[in-house]
Amino acid sequence: MKTWISITFVCALILSVFSGCSTTAKSEDQTITMRLAHNQSETHPVHKSLVEFARLVEKETNGTVKIKLYPNGQLGSEREVIELTQTGAVDFAKVSASALESFSPVYSLFSLPYLFDSRDQFYKVMNSSIVQDIYKTTTDVGFRGLTFYDAGTRNFYTKHKAIMKPEDLKGLKIRVQPSATSIKMIELMGGSPTPMSFGEVYTALQQGVIDGTENNETALTDNNHGQVAKQYSYSEHAIVPDILIMNNKKWEKLSKEQKQAITEAAKESTAFHKVVWEKAIDKATKEAKTKMNVTFNKPDKEPFKKAVEPLHKEFAKKKATARYYKEIRAEGTGN
Ligand code: GCU
């Protein structure tokens with residue numbers, strides 16, 4: 001049922017764009033209504049922060065720009081909504097930086113395991129001109145980055161086996177995001193990478209198509225992965241931000257004041273999210289422990305870091321990443 005609704009919806013969106021009668025065109029009262037798609041539920045912290053973004057945009061543009069949210073992956077997987085944002089069938093999408101890797105190679109940086117040594121370093125880099133430059137690398141493929149949202153630290157979790165060292169991944173099918181860097185990470189650590197979109201992970205875990213995956217703690221509760229996966233290990237191998245992207249033609253058509261209002265609202269929603277996120281992680285961890293019987297393990301991170309050293313060497317040399325890689329690493333503690 002849900003699939004049919006989505007298909008009908010997406011077809012309607014595509015038709016509206018190609019027939020030139022997009023509902024996003026300015027109406028007589030000069031109100032523009034834009035669409036924002038993402039793959040989390042309405043109870044997830046990022047949804048709340050996007051609601052805040054929409055509220056601020058409407059307020060700061062004096063009601064001339066309204067944003068309607070389409071959560072739950074109802075308009076498609078992250079890859080699909082990025083494509084819809086490229087054509088303008090969707091105006092905004094919130095996606096993982098990992099999903100952007102195949103649209104602009106510089107985004108692969110964020111999937112590089114142990115790129116950041118700490119959350120402080122992560123925030124410092126994300127608020128720097130490096131990331132402002134990265135946001136603009138996709139304007140020639142139809143969209144631009146506006147801001148980021150904290151999506152926590154990614155850790156391994158499996159149905160039964162606690163991952164305490166890279167060797168524990170041997171023989172296990174581990175779901176990763178569809179990102180070449182994430183696939184290489186699992187290979188180097190010794191597991192079998194299985195890329196798939198987020199919406200398929202719960203069923204894949206349940207049916208044994210995969211043995212485990214990696215994500216932040218909200219995936220255990222908000223996406224119910226903790227019902228099936230009972231061993232969560234703080235490998236802390238990646239801090240991958242979520243990115244808010246916008247169709248570039250729609251951006252160019254906005255007035256100077258509207259652009260400024262959207263930029264400001266994006267920035268404020270990121271600050272709002274930081275607070276909401278920290279609370280959500282605490283809540284998810286407690287809930288997973290007490291209501292879902294998930295065990296939380298603390299492995300030594302060094303062997304995991306060592307396993308992915310070849311990837312760091314590659315990123316320090318690759319044209320798309322070398323400069324930023326060095327700048328970001330220089331901000332770290334070297335631990
Ligand atoms: C995080 C991220 C999502 C992404 C998901 C994934 O939850 O916030 O945007 O889809 O990871 O692993 O695919």
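In this predicted model, helix α2 (residues 45-60) packs against helix α10 (residues 256-292). The angle between them is about 150°, and their axes lie 8 Å apart. Angles over 145 degrees count as roughly antiparallel, so α2 is roughly antiparallel to α10. The crossing of α2 and α10 is right-handed.

Helix α2 contributes Pro45, Val46, Lys48, Ser49, Glu52, Phe53, Leu56, Val57 and Glu60 to the contact. Helix α10 contributes Ala261, Ile262, Ala265, Ala266, Glu268, Ser269, Phe272, His273, Val276, Trp277 and Ala280. By class, this contact of α2 with α10 comprises 13 nonpolar, three polar and four charged residues.

One cavity of 30 Å³ or more was found in the whole structure. The volume of the largest cavity is about 60 Å³. Its lining is formed by Ser98, Ser111, Arg154, Gln177, Ser182, Met185, Glu214, His237, Ala238 and Val240. Two elements, α6 (180-189) and β9 (231-238), each give two or more residues to this lining. Ser182 and Met185 fall in α6, and His237 and Ala238 in β9.

By class, the cavity lining has three nonpolar, five polar and two charged residues. Arg154 and Glu214 are the charged residues. Met185, Ala238 and Val240 are nonpolar. Ser98, Ser111, Gln177, Ser182 and His237 count as polar.

Notes: Residues numbered from 1 in each chain as written. Predicted model: local features only at pLDDT ≥ 70, side-chain atom pairs only at ≥ 80, totals over all residues. Heavy atoms only, no water. Axes fitted to C-alpha atoms, helices over the stretch in contact; angles between N-to-C directions. Helix = DSSP H or I, 4+ residues; strand = E, 2+ residues; numbered from the N terminus. Parallel < 35°, antiparallel > 145°, perpendicular 65-115°, else oblique. Left-handed = near helix turned anticlockwise from the far one by under 90°. Contact = heavy atoms within 4.5 Å. 1 Å grid on protein atoms, 1.4 Å probe; cavity = no way out; pocket = protein on both sides within 12 Å on 5 of 7 lines; lining within 4 Å. Points joined across faces, edges and corners; volume = space filled by probe spheres on them.
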